Amino acid sequence: MNKYKDIATPSRTQEILKKHGFSFKKSLGQNFLTEPNILQKIVATAEIDKGTNVIEVGPGIGALTEHLARAAHQVLAFEIDDRLIPVLADTLSPYDNVKVVHNDILKVNLQQETAYFDQEGPIKVVANLPYYITTPIMMHILASDLAIAEMVVMMQREVADRISAKPGTKAYGSLSIAVQYYMEASTAFIVPKTVFIPQPNVDSAILRLVRRETPAVAVKNEKEFFKLTKSAFVLRRKTLWNNLLNTYGKDEATRAWLENSLQQAEIDPKRRGETLSLEEFARLSNALESNKEK
């Protein structure tokens with residue numbers, strides 16, 4: 001039995017906020033979870049044990065952090081709000097395997113920061129991500145050179161639906177492709193809005209992302225592949241052809257290059273971007289690369 005009282009109960013959360021005179025900043029998307037059972041479920045979903053090192057983003061007052069500290073080898077938490085640094089120093093004082101970095105996760109060198117971990121082992125990202133910046137944080141971590149084995153992250157339910165969406169659905173888009181290129185995505189469970197202080201307007205979802213051994217598709221130029229997938233969804237109601245012209249240009253040479261590439265990839269230009277699978281986007285991207293003027 002843990003001798004410390006969980007941070008994530010409504011009474012203890014209020015007690016901590018009152019003690020430190022903390023008020024929520026809407027601009028930072030701060031919503032603190034007040035249900036320890038959900039936190040335990042998040043840690044169980046991430047399959048964390050004493051061989052695991054964990055990166056957390058936005059620890060808040062340390063509710064999830066303490067559950068991670070109890071289960072993991074070490075925890076590296078990034079907090080941007082300077083008002084929370086003394087709060088975390090207080091609430092996490094019982095745990096000697098946690099390091100709180102006062103910085104913006106989007107500005108840090110993750111390779112350098114993770115030198116804190118003193119044992120080899122899988123690195124997992126477990127976090128309650130701020131709604132307003134969920135996608136940039138995820139893409140920053142995925143695009144880093146860090147070998148992240150898995151991410152178990154809480155986010156707005158709608159964003160989780162978009163990330164795990166399949167071709168041909170309304171939720172499917174460039175974000176689905178960007179994440180699924182690197183990871184296998186699945187929604188683990190839903191978290192009701194009622195278990196947060198302050199209560200957000202929508203329910204959240206716990207999304208589990210497991211790193212693929214190799215990317216989902218083989219592409220000649222990753223940067224161009226992602227440019228293509230973004231361009232296909234700029235205007236969702238438009239055909240693939242119209243979106244490609246808007247992105248790449250409408251002059252005669254460009255039109256011929258696009259036409260040849262679509263033909264080579266066996267993709268009908270009248271289709272909409274949302275109907276194309278990752279494999280089809282990869283085929284088209286590779287054809288566009290092959291047909292570039294040498």
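A helix here is a DSSP run of H or I at least four residues long, numbered from the N terminus. Keep that in mind as you look through the close-ups below, and remember that this is a predicted model.

**Figure 1. The whole protein, before we zoom in.** The protein has 12 helices and 9 strands. Its C-alpha atoms fill a box of roughly 70 × 40 × 30 Å, taken along the principal axes. Of the 294 residues, 51% are buried. Take the contacts between residues at least 6 apart in sequence: 68% of them join residues at least 24 apart.

**Figure 2. Thr 65 sits in helix H3.** Helix H3 covers residues 63-71, and Thr 65 is one of its residues. Is Thr 65 buried or exposed? The relative accessible area of Thr 65 is 0%, and buried means under 20%, so Thr 65 is buried. Now look past its neighbours within four places in sequence: Thr 65 is in contact with Glu 56, Pro 59, Val 75, Leu 92 and Val 98.

**Figure 3. Helix H3 and what covers it.** How many of the 9 residues of H3 are buried? The count is 8, so H3 is largely enclosed by the rest of the structure. The buried residues are Ala 63, Leu 64, Thr 65, Glu 66, His 67, Leu 68, Ala 69 and Ala 71. Their cover includes strand S1, helix H2 (36-45) and strand S2 (53-57). It also includes strand S3 (74-79), strand S4 (98-102) and strand S5 (123-128).

**Figure 4. Phe 22 and Phe 32 form a ring pair.** The structure holds 12 aromatic pairs, and this view shows one of them, Phe 22 with Phe 32. A pair of aromatic rings is described by the distance of the centres and the angle of the planes. For Phe 22 and Phe 32, the ring centres are 5.9 Å apart and the planes lie at 25°. Planes under 30 degrees apart count as stacked, so this pair is stacked. What does the pair tie together? Phe 22 lies in the loop between helix H1 (10-19) and strand S1 (32-33), while Phe 32 is in strand S1, so the pair ties together parts that are 10 residues apart in sequence. Both Phe 22 and Phe 32 are buried.

**Figure 5. Helix H6 meets helix H8.** Helix H6 (residues 134-143) and helix H8 (residues 174-182) have axes that come within 11 Å and cross at roughly 30°. Angles under 35 degrees count as roughly parallel, so H6 is roughly parallel to H8. H6 passes H8 in a left-handed crossing. On the H6 side you can find Thr 135, Met 138, Met 139 and Leu 142, which meet Leu 175, Ala 178, Val 179 and Tyr 182 of H8. Sorted by class, this contact has 7 nonpolar residues, 1 polar residue and no charged ones.

**Figure 6. Pro 136, another residue of helix H6.** Pro 136 also lies in helix H6. Its relative accessibility is 39%, so Pro 136 counts as partly exposed.

**Figure 7. Four rings in a cluster.** Which residues do ring pairs link into a cluster here? They are Tyr 181, Tyr 182, Phe 225 and Phe 226.

**Figure 8. Helix H9 packs against helix H12.** Helix H9 (residues 222-231) and helix H12 (residues 278-290) pack at an angle of about 120°, with their axes 9 Å apart. That angle makes H9 oblique to H12. H9 passes H12 in a right-handed crossing. From H9, the contact is made by Glu 224, Phe 225, Leu 228 and Thr 229. From H12, the residues are Leu 278, Phe 281, Ala 282, Leu 284, Ser 285, Leu 288 and Glu 289. The contact divides into 7 nonpolar, 2 polar and 2 charged residues.

**Figure 9. Helix H10 crosses helix H11.** The axes of helix H10 (residues 240-248) and helix H11 (residues 252-264) come within 11 Å and cross at roughly 140°. H10 is therefore oblique to H11, and their crossing is right-handed. H10 contributes Leu 240, Trp 241, Leu 244, Leu 245 and Tyr 248 to the contact. H11 contributes Thr 254, Arg 255, Trp 257, Leu 258, Glu 259 and Leu 262. By class, the contact of H10 with H11 has 8 nonpolar, 1 polar and 2 charged residues.

Methods
Residues numbered from 1 in each chain as written. Predicted model: local features only at pLDDT ≥ 70, side-chain atom pairs only at ≥ 80, totals over all residues. Heavy atoms only, no water. Helix = DSSP H or I, 4+ residues; strand = E, 2+ residues; numbered from the N terminus. Buried < 20%, exposed > 50% of the residue type's maximum accessible area, 1.4 Å probe, protein only. Contact = heavy atoms within 4.5 Å. Axes fitted to C-alpha atoms, helices over the stretch in contact; angles between N-to-C directions. Parallel < 35°, antiparallel > 145°, perpendicular 65-115°, else oblique. Left-handed = near helix turned anticlockwise from the far one by under 90°. Nonpolar A, V, L, I, M, F, W, Y, C, P; charged D, E, K, R; others polar. Phe/Tyr/Trp six-rings, centres within 6.5 Å; stacked < 30°, edge-to-face > 60°.
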